There are 2 protein chains.
Amino acid sequence: MGRPRQFDEQDAVVRATELFWRRGYHATSVRDLGDELKLTPSSLYRTFTDKHTLFLRALDHYRATESAQAERLLAVDDRPVRDVLRDWMLWLVTCPPDGEPGRGCFVVNTATELGTADARISERTEAAFEVTRQALRSLLLKGRGQGELAADLDIDGAVELLFTTVLGLRVRERAGHGRAAMATAIDVAVRALG
Amino acid sequence: MGRPRQFDEQDAVVRATELFWRRGYHATSVRDLGDELKLTPSSLYRTFTDKHTLFLRALDHYRATESAQAERLLAVDDRPVRDVLRDWMLWLVTCPPDGEPGRGCFVVNTATELGTADARISERTEAAFEVTRQALRSLLLKGRGQGELAADLDIDGAVELLFTTVLGLRVRERAGHGRAAMATAIDVAVRALG
DNA sequence: CTAGTACGGGAACGATCGCTCCACAACTCG
DNA sequence: CGAGTTGTGGAGCGATCGTTCCCGTACTAG
């Protein structure tokens, strides 16, 4: 009972995610959030407890949507594994296609801004990283099983290199590096699978 | 003439660099800096103009010292290029060996925290990135010239992949990833040179 | 209708932000 | 010595930080 909400909580989380994503945790003030989400401080705190909790919600939302899209791209079953891998990496690097400067990856930005100091945050970034590693691993296993990749391919090693490369790519997108250079890196990485 | 300084300016820059490195730009307050550098606000502002300018000084100092150490490691001339490359990458990832959580790379942390919004900062991060790419390029060229690497090695491609890998490694160090996993990624990357 | 409950709007809390100002101290030069 | 110059210490500026509180509002239950 009581007075009904005048805003959509999920929509507010989406907007908060975009703001935190672009500016990072410390550079985003509660008033910035209030303006963007069209929420007064009282509604914001009543709904999301505090800034830190809202940030965790934003991280979770980002992981959920990002993972969903990634799974869709990786689930393509009728194309060569190498092509699926390349397209997925290219997509990771082109996520925000419209003008404006690259936002990089919210998880990577968060991990570098806050390091390992905050446990509740770093357990989320680590979980996100682990999802990526597992997605790479199962894709490579599929490729090896289908004979597209060498039978003696070092899966663990390949996963580590590809995962590390992905992190590097997302830093470069945030830094505004050209798509061509990153596409080159992706090509070489994929070709390194043998 | 006038009253002499009671502190060493260079030493203050070193301390400021460490603080900005660990905490990032926005999370480091002028009072934090004052405490760490043992400077009153008036001395700090008289000497370094403002927080932003001090941050640029810190970035420049980091680049200078970091580049100097990297050049020393890359200048080793009596060892196989692949070993030099591997050792350099391992060193990049182990820079702060003593306890405490990894600080990652100050340049990478800055690039992801501030993106491309601030021109004076991003021109410095880009310059630092370019130095790394050039160092990789000349090392690979040397290796190819000495016959250690294949004559038809795609230098541009290899540089892009290695550079991207290095950025990813520094993110991972900041995120507290284990040295073993990163060493694996490095091994595979070096082996991918053929 | 009334009582109870959750939300919206916004003033305002104490703390901290980046930064300035000024009286005083410590030096060089004539 | 005194005049000139620069650094030091620290109070304190206005602005903004994250957060709370209060009151009027919009709803449900009885």
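## Fold of chain A

Chain A contains nine helices and zero strands, where helices (H or I, at least four residues) and strands (E, at least two) are DSSP runs numbered from the N terminus. This is a predicted model, in which local features need pLDDT of at least 70, side-chain atom pairs count only at pLDDT 80 or more, and totals for chains, interfaces and linings use all residues. Residues are numbered from 1 along each chain as its sequence is written, chains are lettered from A and ligands numbered from 1 in the order in which they are written, and side-chain values use heavy atoms, with hydrogens and water left out.

The C-alpha atoms of chain A fill a box of roughly 60 × 35 × 30 Å along the principal axes. Of its 194 residues, 49% are buried (under 20% relative accessible area, 1.4 Å probe, protein chains only).

## DNA strand C

There are 25 residues around DNA strand C, and A:Gln6, A:Ser42, A:Ser43, B:Val30 and B:Lys51 come nearest; a residue counts as near if one of its heavy atoms lies within 4 Å of the strand. At least two residues of this surface come from each of α3 (41–48) of chain A, α2 (30–37) of chain B and α3 (41–48) of chain B.

Phosphate oxygens of DNA strand C lie 2.6 Å from a polar side-chain atom of A:Ser43 and 2.7 Å from a side-chain N or O atom of B:Lys51. For A:Arg3, a polar side-chain atom is 3.2 Å from a base oxygen of DNA strand C.

Conventions:
Buried < 20%, exposed > 50% of the residue type's maximum accessible area, 1.4 Å probe, protein only. Polar contact = N/O pair within 3.5 Å; in protein donor to acceptor, adjacent residues only side chain to side chain.
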